[in-house]
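Here are my notes on this model. Please read them with the structure open.

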Amino acid sequence: MSVHDDITSVQRSLDDLTRSLGRLENQLGSGGLEMRRVRLDADHLRESVALLREAATTGEAPRRPDLVTISDTPYDTSLWVGSDDEGLGARDRHAP
């Protein structure tokens, strides 16, 4: 099978899932948190498949983001002058 055929098969499965969710929603109601969550998950899958289809159509391979090297050298301490220590407050003041 080609990539296009596989994506079409996944799309058909998602269409079946959407129809099944509609029937389930009619039986259980759409107000429950669980039903809304499943519906959102199905919508996210639909969006992801659309992105896959678009990437397959353009023929470009997925590109990894550029890596950023972080130096091991210590930061300049003047960057933190006058700042609060997280969870401890300012150095020159006492906690209430």
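1. Where is the place of Q11? Q11 sits in helix α1, residues 3-28. Helices here are DSSP runs of H or I with at least four residues, strands are E runs of at least two, and both are numbered from the N terminus.

2. A word on provenance. This is a predicted model: local features need pLDDT of at least 70, side-chain atom pairs count only at pLDDT 80 or more, and totals for chains, interfaces and linings use all residues. Residues are numbered from 1 along each chain as its sequence is written, and side-chain values use heavy atoms, with hydrogens and water left out.

3. Q11 is buried, because its relative accessible area is 18% and buried means under 20% (1.4 Å probe, protein chains only). Buried residues make up 8% of the 96 residues in the chain.

4. Q11 touches R46, V49 and R53, leaving aside residues up to four places away in sequence. Contact means heavy atoms within 4.5 Å.

5. The chain has two helices and zero strands. Helix α2 covers residues 33-58. α1 and α2 pack at an angle of about 165 degrees, with axes 10 Å apart. Axes are lines fitted to C-alpha atoms over the stretch in contact, and angles run from 0 to 180 degrees between N-to-C directions. The pair is therefore roughly antiparallel, a label for angles over 145 degrees.

6. The residues of the α1 contact with α2 divide into 13 nonpolar, five polar and five charged. Nonpolar means Ala, Val, Leu, Ile, Met, Phe, Trp, Tyr, Cys and Pro; charged means Asp, Glu, Lys and Arg; the others, Gly among them, are polar.

Notes
Buried means under 20% relative accessible area, exposed over 50%, partly exposed in between (1.4 Å probe, protein chains only). Angles under 35 degrees count as roughly parallel, over 145 as roughly antiparallel, 65 to 115 as roughly perpendicular and the rest as oblique.
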